[in-house]
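Hi,

Here is the structure I promised to pass on. Have a look, and then read my notes below.

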Amino acid sequence: MITGELKNRIDSLWTEFWTGGITNPLTVIEQITFLMYSRLLDMQERKDEKRGSVTRKPHLSRFGEADQDCRWETWRHYGADEMLPHVRDKVFPHFRRLAERSTGVGSQFAAFMKDAQLMIQKPTLLVKAVNAVQDLPLERGDTKGDLYEYLLSKLTTAGINGQFRTPRHIIRMMVELMQPQPTDRICDPSCGTAGFLIEAYDYLLRQHTSEAGKHVEVIDGEEHITYSGDLLGEHRQHVDSDMFHAYDFDATMLRIATMNLVMHGVAEPDVHYQDTLSQSFEERHPKGSKDAFNLILANPPFKGTLDELDVAPDILRTVKTKKTELLFIALILRMLKVGGRSATIVPDGVLFGSSKAHVQLRHHLIENNQLEAVISLPSGVFKPYAGVSTAIIVFAKGGKTENVFFYDVQADGFTLDDKRNRIGNGKGDLPDVQAKYLQWCDGKSDFSDRTAKAFEVSADDIRAQSYDLSINRYKVTKHVADKHDDPIQILGRLKELEAAIMRDLSELEGLLT
């Protein structure tokens, strides 16, 4: 987490941007991301140069002879008046050339970088921003994610139209439940800053790195492990160019998402500007709109409504509604390959809503697909944006549901108020969710006790409840009878206490007379 002095530096930098005339939070995040990207490019180049000097193997340099002054460690020492035009007129064009070289002139990354520009107009603000980014411990693998998490917490407009930032520990749990494989094609149809895809990539690194590839470093008394993914060699081309796919219709978010993926090590992420619910999605992306992915991870927008005329007809055939939270589930089913799986966050209304569309969607999940799990989350998970109650649903395309795993998460490791402070190790019930779900998948444990946090419900029981998926419909609460002493005994003790008080008062009165 971003705390202490680092948090204060970021807060101070945020204030500097505000007073410098840049007040749009997304623009601030984007500009900080560009500076981080520049520094990380130079850091990675130095690592490759050092490795090359040892192995005597050449590497494809990110900086040609004419671009050496575009390296972070060169221009960050410039004076304010020289730095601003240099970054604007040389460094940003270098970003665009590098994107075109790495991913092709027609790539989405190159297209996003084509529009990239330095929005900072005050030389002194640029110097302060550069110095602040230089002080960030970006050599620590987890810091970039923590930094994004904290920066995104400053999006005061978040929550409008149901768009909520997904906490990283919830993302990690969802990824570990799904256990992505290096041959998968993974998608997020409403990607934001690509948190799900980055966590999926980090999971692959953790799972496919040998002991020799793990690097342990102690920083400020804490152990940090970085992973090389050295066992992903045969899958590297797929990982770099065809594993990760993302869609959103906010161009700034997409630029941040793309740089975020590239900075984490994905060379050519497939990121597109697209409203995935629209009729144009299939026309523009025929290979991504239907039967395309093994795994979809998503936290789609809640509470929004769309004009039915704008929605793809085959989605409406699955569920006829204007509600985005229902339409996105139908969309995800369309995008998955048969047998493909998804973990998706939904508002609780999806689980128990009584409208025809709500029941129709749940019927479709149970009868025409395999609903695997409903994991109920505490209502404060999305604070400070909203106290909306949510759940994670896990499902696979095709087949038919036999039994559903339910888990009642009561603590996610953080306080459920607006401050969201860490409690203990910050894990709460989440490790138990993973352990119990894997046990349920193995079929080796009994989950018939509905008084427990984790239990199983048959599809027949769900049908009998009109496809209601709310956990309280099936959870059994134990009622323990309270035991009280006999009222006569309680009155006797009260009389004894009163008598003792009167004796003490009499003694005090005697001392005063």
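Phe405, Tyr407, Tyr437, Trp440 and Phe447 are joined into a cluster by ring pairs. By a pair I mean rings of Phe, Tyr and Trp (its six-membered ring) with centres within 6.5 Å; planes under 30 degrees apart are stacked, over 60 edge-to-face, and the rest tilted. Keep in mind that this is a predicted model: local features need pLDDT of at least 70 and side-chain atom pairs count only at pLDDT 80 or more, while totals for chains, interfaces and linings use all residues. Residues are numbered from 1 along each chain as its sequence is written, and side-chain values use heavy atoms, with hydrogens and water left out.

Phe405 sits in strand E10 (residues 403-408) and Phe447 in the loop between helix H17 (430-442) and strand E11 (454-458), so the pair ties together parts 42 residues apart in sequence. Helices (H or I, at least four residues) and strands (E, at least two) are DSSP runs, numbered from the N terminus. Phe405 is buried at 0% relative accessible area, and Phe447 counts as buried too, at 7%. Buried here means under 20% relative accessible area, exposed over 50%, and partly exposed in between (1.4 Å probe, protein chains only).

The structure has 14 aromatic pairs. Another edge-to-face one is Tyr247 with Phe281, 5.1 Å centre to centre and 75° between the planes. This one links distant parts of the chain, since Tyr247 is in strand E4 (residues 244-248) and Phe281 in helix H12 (residues 280-284), 34 residues apart. Tyr247 is buried at 2% relative accessibility, and Phe281 is buried at 0%.

Next, helix H9 (residues 195-207). Its 13 residues reach 18 Å from first C-alpha to last, close to the expected 18 Å (1.5 Å times one less than the number of residues). H9 is mostly covered, with 10 of its 13 residues buried; among them are Phe196, Glu199, Tyr203 and Arg206.

Finally, the surface: Ile501, Met502, Leu505, Leu508, Leu511 and Leu512 make up a nonpolar patch with about 680 Å² of accessible area together. Patches take residues with over 30% relative accessible area and no salt bridge, joining nonpolar side chains (Val, Leu, Ile, Met, Phe, Trp, Tyr) within 5 Å and like charges within 9 Å. A salt bridge is a Lys or Arg side-chain nitrogen within 4 Å of an Asp or Glu carboxyl oxygen, and accessible areas are Shrake-Rupley values with a 1.4 Å probe. Leu508 belongs to helix H19 (residues 487-512) and is partly exposed, at 47% relative accessibility.

Cheers
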